Amino acid sequence: MPAAAEPLTESSLKYAALKQRHRLVRDGHPANLRLRIHRALSWLDCAEQAEDVDEKFIFLWISFNAAYAQEVDDSERISDRDAFTDFLERLCGLDTEKRIDKLVWNEFSGSIRALLDNPYVFHAFWEFQRGKLDEGEWKERFAAAKRAAQKALSDGKTPKLLSVVFNRLYTLRNQLFHGGATWKGKVNRDQLRDCTRLLSKLVPLMIALMMDNPDAPWGDAVYPVVDQGA
C-alpha cells in the first residue's frame with residue numbers, strides 16, 4: 001500500500017526534508033527505487049545550490065532523468081521522450097491527492113501558456129531552420145501542438161498537458177546538453193527561467209510521489225552500482 005501523502009508545503013519539497021524522509025523509509029523500498037531516489041536527490045541538492053539558471057536547469061533535468069530512466073533490452077528500447085511520457089502518466093495516476101494537478105493549474109498555467117507560445121523550444125522549428133521542414137509544415141505542427149495543449153488545459157487533463165510541456169523542456173535540454181546554447185547567453189533567458197522554475201517545483205514533487213508509492217513498477221535503474229570486488 002502506498003504511504004500516506006505528505007502535505008504539499010514549500011519546506012517539505014526541499015532537498016533536506018526529502019533526504020531526511022528518504023533515510024526514514026528507504027530500508028522498506030526495493031533496491032532499484034532506493035538507487036533512483038538517492039541519485040535524484042543528489043542532483044536536486046546540486047540544483048538548489050546552483051548559482052545561475054543554466055546550472056540549475058541542467059541539474060534539475062539530471063535529477064528528473066535519474067528518477068525516470070529505465071534499463072531495457074535493445075529490442076525494447078524506446079526514446080527518452082516516450083520513457084518520460086510513460087513516467088509522467090504513471091505519476092499522475094498514482095497522485096491520488098492531485099498534488100501535481102494543483103501545482104500545474106494553480107501555479108503554472110500562465111507560465112505553461114507562455115512556454116507553448118515560444119517557438120524556440122519547439123523541435124519542428126529547428127527542423128525548419130535546418131531545412132528539413134518547410135515553413136508551412138513546422139507552423140502547422142506548432143499550431144496543432146498548441147491546440148492539443150490548450151484542449152488538455154481546458155479539459156483538465158494533466159498527463160496530456162505535461163507530455164506536451166516536457167517535449168518543450170526536452171528541446172531546451174538538448175540545446176544545453178549538446179552545446180547549442182551559450183552559458184549565461186541572452187537569447188534563451190525567458191524560456192530557461194520559465195522551464196527552470198517549473199522543474200524546480202515538479203521534480204521534488206515527483207520524488208516525493210515515488211517515495212509514496214514504493215510498490216509501483218518503476219523498473220530497473222540504469223547503470224546499477226557494481227561491486228568492484230566481484
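**Helix 1 against helix 10.** I looked up the contacts (heavy atoms within 4.5 Å) between these two helices (DSSP runs of H or I, at least four residues, numbered from the N terminus). Leu 18, Arg 21, His 22 and Val 25 of helix 1 meet Pro 204, Ala 208, Met 211 and Asp 212 of helix 10. I worked on a predicted model, in which local features need pLDDT of at least 70, side-chain atom pairs count only at pLDDT 80 or more, and totals for chains, interfaces and linings use all residues. Residues are numbered from 1 along each chain as its sequence is written, and side-chain values use heavy atoms, with hydrogens and water left out.

I then noted the geometry. Helix 1 (residues 15–25) packs on helix 10 at an angle of about 15 degrees, and the axes are 11 Å apart; axes are lines fitted to C-alpha atoms over the stretch in contact, with angles from 0 to 180 degrees between N-to-C directions. The pair is therefore roughly parallel (under 35 degrees).

**Arg 189.** I found this residue in helix 10. Arg 189 is buried, at a relative accessible area of 14% (buried means under 20%, 1.4 Å probe, protein chains only). Leaving aside neighbours within four places in sequence, Arg 189 is in contact with Val 53, Asp 54, Thr 182 and Lys 184.

Note on methods:
Buried means under 20% relative accessible area, exposed over 50%, partly exposed in between (1.4 Å probe, protein chains only). Angles under 35 degrees count as roughly parallel, over 145 as roughly antiparallel, 65 to 115 as roughly perpendicular and the rest as oblique.
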